[in-house]
Amino acid sequence: MKSRRTTLNRVDVSTRRYLTFSLGTELYGIPVLNVREIIRLCPITRLPRVQPHVSGVINLRGTVIAVLDLRSKFQLPHVQPGERACIIVVQINGHPGQTSQLGFIVDAVEEVVQVGSSDIEAPPEFGGVPATHFIQGVATLREGVTLLLNIERIISEDGPIALPHIPGERDTIDTNAKQ
Amino acid sequence: MAEEMAFLMPDRDTGLLPLNGYLMDLEDMTGTGLSGAWAGGVTVVRRWIDEILDGTGKFSIESIERLTGWHDWMTRLVVALEEGEPEPELPQVWKATRTALATRSDGFKEGRRGQTVGAASNRESEPSIIPNLSDDLELLREFHSESLELLQSIEQGLLVLEENPADGKTIDSIFRAFHTFKGGAGFLHLDAMRDLAHELESLLDAVRRSELPINSFVIDLVLAGADSLNQFTAGIGQQLQNPKFHGSITVPTADLLRRLKSVLQDGVPRQTEVTPGLKQQPAGVQESQSSPETFSARLTLQVDASPQFVSPDMDIQESSVTGQVPEFQEESLGNLNPAQVKIRAPERTEETSAIGSRGGGISSFVKLDTAKLDNLVDLVGELVIAQSMVVQNPDVSKIASLPLARALRQLSRITTELQRNALSLRMVPVRGTFNKMFRLVRDLAVQEQKDVHLEMSGEDTELDRNIVEKLGDALIHMVRNSIDHGIEPPAERLSRGKPSQGTIRLSASHQRGGIVIRIEDDGRGLNRDTILAKALDGGWIMPNAVPSDSDIFSLIFLPGFSTAQRITGVSGRGVGMDVVKRNIEMLRGSIETRSELGEWTRFTILLPLTLAIIDGLLVGIGEERYVIPILSVRESFRPRRGMVTTVHGQGEIVCIRGKQIPILRLGEFLETPHASRSLEDGIIVVVESGDTTRGLFVDALIGKQEVVIKSLSETLRGQSLLVGAAVLADGWVGLILDVDTLVRLSNPERIPSRVAAFPNP
């Protein structure tokens with residue numbers, strides 16, 4: 001069973017396109033198949049007595065969807081949302097036959113990239129298993145090192161998540177760029 | 001069918017199911033008076049397909065060639081029939097195969113039978129299935145939902161049969177249902193299910209061909225089989241719901257299979273016919289179970305026998321069985337009642353079979369994903385809001401144009417109509433839930449040795465799908481209660497001058513802007529005095545209270561009350577009645593009890609038409625707005641100085657008309673600062689849930705609004721503070737508070753005590 005899942009993931013990764021977005025200087029990618037739409041940051045109704053990373057709910061054309069603050073979820077420092085801030089609406093499969101939608105507040109959406117399996121490396125063992133559990137892989141793209149996220153697992157985790165910062169290559173690229 | 005065949009591949013099972021489906025259509029046509037050749041052809045191919053279904057479940061090159069050949073012949077036959085020409089002969093080879101196959105499969109079955117019977121005693125494990133979730137997910141899902149329907153219709157059919165054993169149509173429909181089941185299970189390699197369905201199908205086939213009589217023994221056997229299949233199906237459902245449960249599903253069916261096989265082989269119930277209602281194990285069954293050697297002996301005989309000898313062998317079988325139980329035969333022949341005579345010579349009655357009138361028949365419905373439906377209703381709700389935004393837009397209303405006004409009116413009318421229609425899509429008749437009660441009544445009556453008859457009316461009354469689902473549980477409790485404690489045993493009933501058969505009436509109707517469900521029994525009724533005495537005894541009511549009848553009867557819904565009463569053995573109503581009440585309150589309904597001692601008891605449940613829309617009280621707390629369901633609101637008022645006291649350890653309490661109601665400062669609880677500086681500046685909304693009341697302190701009442709409840713996303717499932725959310729008229733999301741939780745969870749002791757807003761006078 002385990003080997004099968006690994007195979008599946010690899011197949012998925014090799015054929016998928018990713019939407020990349022940024023939180024501060026960090027770059028992340030989520031499978032385009034999960035992305036339903038991208039909307040501008042809109043007024044959010046706060047929910048009482050919930051985890052701090054749950055920003056609240058919004059009215060998305062009649063559907064009430066919950067919105068998560070990804071900065072808070074990934075334990076990044078809080079900043080005042082900038083001009084490029086927006087909500088990525090993702091669709092995930094919950095129970096069989098049921099899908100649910102969820103919004104992620106991100107600093108900025110970058111672009112849609114085609115990532116071949118050769119560009120993807122296994123997630124590094126930073127900070128032990130828990131963090132890599134949420135990452136499908138690490139891709140080195142034009143903009144820099146991008147963490148490809150496993151969206152389902154991130155959502156099903158109730159608490160905040162500490163994702164690894166990949167310093168090595170990213171910093172190398174930055175240095176290269178400067179030189 | 002030809003199209004399907006073109007897709008058949010050797011060693012694959014694709015296409016088997018549709019083929020089976022077409023074949024069943026053909027079989028249905030056979031009944032409409034077509035020629036013998038037609039019937040023969042269909043029989044041949046049925047045998048082939050069955051063989052494939054029973055065997056590997058895959059097509060081989062050989063079988064596909066055979067099927068193609070058959071198709072050619074069949075086409076010729078159809079053409080010949082149309083042109084009125086002589087029908088082509090059924091090729092001899094097939095006839096041969098037919099007999100050869102028949103012999104082979106009989107022998108094969110015999111072999112398997114002998115083996116199973118012999119091996120069963122030392123084989124520990126029960127049959128189990130392992131659904132292949134990763135490969136067949138979609139198919140399994142389809143199979144699961146289809147199976148549920150099939151099983152339901154099987155159950156309905158059986159209960160019809162019990163009342164009217166000669167109903168040929170119903171027998172056919174049950175037979176077909178099992179057949180479809182077998183096909184599906186075989187296709188998905190759920191072998192244990194397939195085998196069981198196969199045996200049940202064979203049993204019914206024997207019944208259909210009048211080889212076996214239908215009696216309560218057979219019906220019980222088939223019901224038990226359907227139950228086992230149901231358990232398998234439930235297991236699959238669970239795995240579909242949560243893939244974590246992946247693994248094999250085991251249902252103890254080995255014994256059942258054995259019983260089925262022995263009945264099929266020996267045809268025992270024919271000799272031990274019992275009148276419906278009396279349950280007893282036919283003696284012959286046990287006997288045959290205990291002597292597996294007889295089977296193996298017969299098995300050798302049959303395998304060696306050439307086709308000619310098959311029928312004599314059958315005779316031997318018959319006579320040996322009849323020889324075992326001669327007394328039984330004589331007795332039953334002497335006692336034949338008209339119903340049994342009918343079985344022997346089944347007459348096709350022209351009246352619509354009961355199964356059809358109970359809704360088990362063919363319907364012209366479209367299966368629809370409920371999510372799509374909810375989506376549509378949501379979108380329409382959105383449209384209504386958008387429409388009102390346009391109509392009420394100040395810029396639009398400034399335009400003095402008659403055509404525009406007319407167009408807007410038209411728009412309003414259409415949207416309202418559309419909304420009504422969309423909401424009606426979610427409505428389903430209560431029939432399905434009511435029908436489940438037939439089985440319950442039957443089983444319980446047998447168990448309790450009572451004679452109970454269930455009457456239903458208004459099954460077509462429609463209710464929101466979500467309400468219907470939850471209503472089922474409550475009904476089960478109440479019907480069980482009526483049989484357990486209401487209906488007296490037949491002897492007692494006769495001595496009281498009532499008919500020995502008790503009656504439970506279940507009805508549904510539209511009333512008071514909602515739905516009224518009534519459950520009425522003509523049993524012993526509720527004893528007002530006993531309940532009152534019990535209540536006084538247990539301190540449930542004050543000694544000097546003068547409660548009304550309905551107050552007293554409502555005591556039976558208190559948790560714990562019933563059990564205490566049952567110990568005394570008097571009247572004893574109320575097992576799980578608190579559950580009933582809770583369920584109904586969850587549906588925002590109410591329940592009313594009336595009874596006449598010794599005569600009858602009637603429960604009246606009043607439910608809202610839909611859960612989708614509620615009347616909400618919009619309140620303001622600080623910057624935020626919340627919706628409180630108006631049904632839970634008892635009153636609201638602005639507290640005056642002196643009304644509020646602080647009790648140590650209990651927080652603030654407001655005293656109104658002699659009642660003390662604890663206050664919950666909503667703003668602090670919901671983590672939003674109140675705008676009002678003191679309680680005097682705000683409003684107290686008194687809400688109740690069950691018997692508990694609480695005063696919710698809010699800053700302002702904004703208004704009353706009808707809102708469409710939208711469930712919060714799955715990620716927020718863990719919370720119980722909110723019933724859901726609603727899109728308010730201005731497009732903002734308003735949160736609907738769950739009064740139950742607010743009243744129950746927020747015990748004032750748990751909230752940090754605060755300094756009194758008003759010093760005690």
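In chain A, A:Val138 stands opposite A:Leu147 in β11(A). Strands here are DSSP runs (E, at least two residues) and helices are DSSP runs (H or I, at least four), numbered from the N terminus. The pair sits where strand β10 (residues 135–140) and strand β11 (residues 145–149) of chain A run antiparallel over five bridges; two strands pair if DSSP finds at least two bridges between them.

A word on the source: this is a predicted model, in which local features need pLDDT of at least 70, side-chain atom pairs count only at pLDDT 80 or more, and totals for chains, interfaces and linings use all residues. Residues are numbered from 1 along each chain as its sequence is written, while chains are lettered from A and ligands numbered from 1 in the order in which they are written.

Back in chain A, six strands form an open sheet with mixed pairing, in the order β8-β1-β2-β11-β10-β9. Its edges are β8 (108–114) and β9 (120–121) of chain A, each pairing on one side only.

Now to chain B, which has 28 helices and 20 strands. Its strand β9 (residues 600–607) has two antiparallel partners, tabulated here.

| Partner of β9(B) | Bridges | Example bridge |
|---|---|---|
| β7(B), residues 514–521 | seven bridges | B:Ile519 with B:Phe603 |
| β8(B), residues 590–596 | seven bridges | B:Glu592 with B:Thr604 |

The hairpin of β8(B) and β9(B) has three residues between the strands, and there B:Gly598 takes a positive phi near 80°.
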